[in-house]
Structures are given as structure tokens and as C-alpha cells.
Amino acid sequence: MTDNSGTEKATHPDTGAAQQSSNSAAERPTPADVAGHPGTTAPKPGVPKPGTHKPETPKPHAMRPTPGPAQEHPHPVVVPSESDPSQWGRVDEDGTAWVKTADGERVIGSWQAGDTAEGLAHFGRRFDDLATEVALLEARLAAGTDARKTRAAATALAESLPTAAVIGDIDGLARRLQAIIEHSDEAAAQAKEEKERTRHEQTERKELLCAEAEQIAAESTQWKAAGDRLREILDEWKTIRGVDRKVDDALWRRFSKARESFNRRRGAHFAELDRERAAAKGRKEELCVRAEELSSSTDWAGTAAIFRDLLAEWKAAGRAPREADEQLWRRFKSAQDVFFAARNSAASERDAEFEQNAAAKEELLHAYEDRIPTRIDSGADLDNARAALRELQEKWDALGKVPRERMQELEGRLRAIEKRVREAVDAQWRRTDPEAMARAAQFRERVAQFEEQAAKAQAAGRTRDAEKALEQAKQWREWAEAAEGAVSQR
């Protein structure tokens, strides 16, 4: 039939609905792209009769199903080849269109827009569009794309076939649609099984993440590394999909509880660390005050020992907050440096004084080594030697200390002079009173013993022990001199 606008339409005999042609010959699939249907080429449309209008070709999307869902998967859509509508139906001269089915022929509509060849081609193209829809459903089913919706669409198409205004292998389409419907249940079951398997795997992943988070929360003391790992777990958690809502909520509560537990434990650790550092700061401030009080001390040996103890206490106090710790250390070290710089300066002055004393003692030794001869024979020579020795000893003590490295040399030379006189005295005692001489010799031996002890103590830096030994040597020397004097008076 033809409407007032001059556009030709094919009218469905049962519904009276006007449906436009779906494709022009140029827009339809080529035979090389299509397979699986009888007839690999379509007959060329006839030339319109004079005085008639050529039917307007509808746009391709007017009859074709939307291919969006099928394009979501990688499976290609096999579009059927153009069928030969003359094998499956006809258009009478009066425009009545017929289609052949297993149940016989039936009228599908009326064609008034051109000759019968054009009408036959028109209804053939509509069949090809319908076959394309079936091919899309088959592709969706093969791809596993929502089998339930695919089954519903196939059922709707199958129900429309008995009244479809198309010419083609309708029975073949019906069998294909029935196969889609039958296999949809199997595909749905497989999809459900796959969904359950995926849900199980994703649930296991979250359970493993929960278990790891709980272990970190309970045991880890590597605070930075553990915190970073919990953030990584959270990022991975967000990528896991498909877990049952209730299970997912329960797992999320476990994970959140583990994170909160870790954060509380880490917070408590750093709070305790802050308290310890505050206590260390207070203790180090006290040590700084004590160090500053000692910095002006001149008790070099005693104060140096105290500073060593203060440094040990400093190390045992622990770390204060970084900025305060560095500031307090500079303060403590400054006080310590003041004391030791003063001690070093005093030691330098003392060393200079000791050098002068050593030079004076060396001159003294030179002088008295000449006055006290190596061999003393007469009593007069002995008396002179003893008097010179007493002078030497008095002047020696008055000169004071010498550098430690010179002490043994100088003391040795003094001991040699004393030994020379002592041997001369011993020889005279043996000549006069052996018993008295033996007693005086014993006294002199004790003097030599104590002087040797004093020299060793002085060399070892034990000043007090050296002074004590010298005092004892002095006492024994007086007793020896008294004994010698008693002998000489006889």
C-alpha cells in the first residue's frame, strides 16, 4: 500500500502494523561475510513500474538488534548470508506475500510499492535482519553473557516467528532459537557455577588478607613497615569484587578491627616512647647542670673520674627528643671541654715547670758527683762525702718533681751517689764495730728499699704511694745516720 506521502509500506495481515524495510542492498552484509543459510546471493530488486515511487530504504538500525552486549566479549558474531527468498515464498501479482513453512503456506502481508521482485527482496531482507538477531543471541550465549536474558530474548523471537512478516527459512530459525533456549539453562548453570567459584576465590583472598592483618596487629613491632603493609592490604581489598554481602561485611569488620588494634598498639608504643624521652630529657638536664658545676674544678684527677661517670650516666639515660637531645649534648660537651681544656693547660704549665726542675737537678748532680769521689778511703773524706750527700738530698727535695720520663734517669744517678757514700760508710763500720755496722747497714738497706718503691710508684703515677715510701725512707735514713754517728763517736 502507499500512504499520502508517497512512501511505500508493507502491511501485516493480522496486526495492520506498518513496518519499513530494514536495509538497502548496499548496507546489508555481503555474501563473503555471511554463512549458514540457504542461498548465498540475493536476487536483484526489480525496476520500479513507471509512475510508481521507489521505496525509501530505512536506516540499518531500524530493524537490527543493538549489538552492544555482544561486543562486550571477544567472540565474533557470525552474520548469516543473504537467503534466496524465492525458495521460501512468493509475492502474487496483486501484491499478496506468502511464506512457506513446514505447516504450509501462509499470507504474511501485502506489497503495493513496486513489482513482485522488489516485494520478494523486501521481505527477504526482513528475514535476514531477523536471522542476524538470532546470530547475535547465539554469540551472546557462546560468550556466556547473561544466559537468562539471552533465553528471554530467544523465547520472545520464537513466539514472534508464526506471525513474522518475512520470507525465508523460518523453520530453521525456529530450530536455532529452540537450541538457544535449551542451551541457555545449561549456560546459566555454568555461569552460576563460575560465579560461585569466583565468589569462593575472592572470599578466600579477603580471608587471607584478614588473617595477615590480624597477625600484624597482634605481633608486629616494625611500625613503619607494618603500617605500609596494612595500606597495601587495603588497596588490594578494594580491588576484590564478587563476595557475598554478608560475608564481605563480616570480613570487613575483622579487617577494620585488626587495623584499629594495630593503630592503638602503635599509638601506645609511641606514647610510652614519648614518656621515656621526656624522662631522658630531664635526666640529661640534671647531668648538664652537674657538668657545668664541675667545669671550673682544679682537682684534675678526681674531677676527670667524675666526668667519666657522668658520661656513663648520659649513655644510660636513653634518647631525649631529637632536637632537645642534640642541644643538651652540646651543652654537656661544652662544660666537659672547659674542664679538660683547663686541665690540659695546667698540665702544660706543670710540664714546663717539671722540665725546669729536671734541668736544675741535672746541674745539681753534676756538681755533687764531682764533690763526692768514687773512692773514699779516709775518715775525713767520708765525713765530707756524708755532708755533701745531705746537702744534695736537701736541695734535691727542694727542687720538686720532674717529668715522668726523666725521673728514672735522675733518680738513678742520685741513688748511685748515695750508694757510693753508703758503701764507704759500710766499709768503715766493718772496720770499727761489725755489729753496729751491720745494724746501720740494715737500716741503709731499708732506706734503699723504700726509695726504690717510691721511684716505681712515681713512675706509675701513684703520687701518694711514692710520697709515703719516701717518708719511710727518710725515717730509716735518720735511724741509719744515728747508728753511724754512734759508731763514729767510739
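**Exercise 1.** In which loop does Glu93 lie? Determine also whether Glu93 is buried or exposed.

*Solution.* The structure is a predicted model.
Step 1. Glu93 is found in the loop that links strand E3 (89-91) and strand E4 (96-101).
Step 2. The relative accessibility of Glu93 is 71%. Exposed means over 50%. Glu93 therefore counts as exposed.
Step 3. Glu93 and Trp111 are 18 residues apart along the chain, and their C-alpha atoms are separated by 9.3 Å.

**Exercise 2.** Describe how helix H3 (residues 170-219) packs with helix H5 (residues 245-294).

*Solution.* 
Step 1. The axes of H3 and H5 are 8 Å apart, and the packing angle is about 20°.
Step 2. Angles under 35 degrees count as roughly parallel, so H3 is roughly parallel to H5.
Step 3. The crossing in which H3 passes H5 is left-handed.
Step 4. On the H3 side, the residues in contact include Cys210, Ala211 and Ile216; on the H5 side, they include Leu251, Phe255 and Phe262.
Step 5. Sorted by class, the residues of this contact between H3 and H5 are 11 nonpolar, 2 polar and 7 charged.

**Exercise 3.** Describe how helix H6 (residues 300-316) and helix H7 (residues 322-371) cross.

*Solution.* 
Step 1. The axes of H6 and H7 come within 11 Å and cross at roughly 160°.
Step 2. Angles over 145 degrees count as roughly antiparallel, so H6 is roughly antiparallel to H7.
Step 3. H6 passes H7 in a crossing that is left-handed.
Step 4. Among the H6 residues that meet H7 are Trp300, Phe307 and Trp314; among their partners in H7 are Trp329, Phe332 and Phe339.
Step 5. The contact of H6 with H7 comprises 14 nonpolar, 2 polar and 1 charged residues.

**Exercise 4.** Which residues does the UniProt annotation "coiled-coil region" cover, and what percentage of the chain there is helix?

*Solution.* 
Step 1. According to the unreviewed UniProt entry, the annotation covers residues 174-201.
Step 2. Over residues 174-201, the model is 100% helix and 0% strand.

**Exercise 5.** How many helices and strands does the protein chain have? State also what percentage of its residues is buried.

*Solution.* 
Step 1. The protein chain contains 11 helices and 5 strands.
Step 2. Of the 490 residues in the protein chain, 38% are buried.
Step 3. Among contacts between residues at least 6 apart in sequence, 74% join residues at least 24 apart.

How values were computed. Residues numbered from 1 in each chain as written. Predicted model: local features only at pLDDT ≥ 70, side-chain atom pairs only at ≥ 80, totals over all residues. Heavy atoms only, no water. UniProt positions renumbered as here; feature names shortened; annotations may be inferred. Helix = DSSP H or I, 4+ residues; strand = E, 2+ residues; numbered from the N terminus. Axes fitted to C-alpha atoms, helices over the stretch in contact; angles between N-to-C directions. Parallel < 35°, antiparallel > 145°, perpendicular 65-115°, else oblique. Left-handed = near helix turned anticlockwise from the far one by under 90°. Contact = heavy atoms within 4.5 Å. Nonpolar A, V, L, I, M, F, W, Y, C, P; charged D, E, K, R; others polar. Buried < 20%, exposed > 50% of the residue type's maximum accessible area, 1.4 Å probe, protein only.
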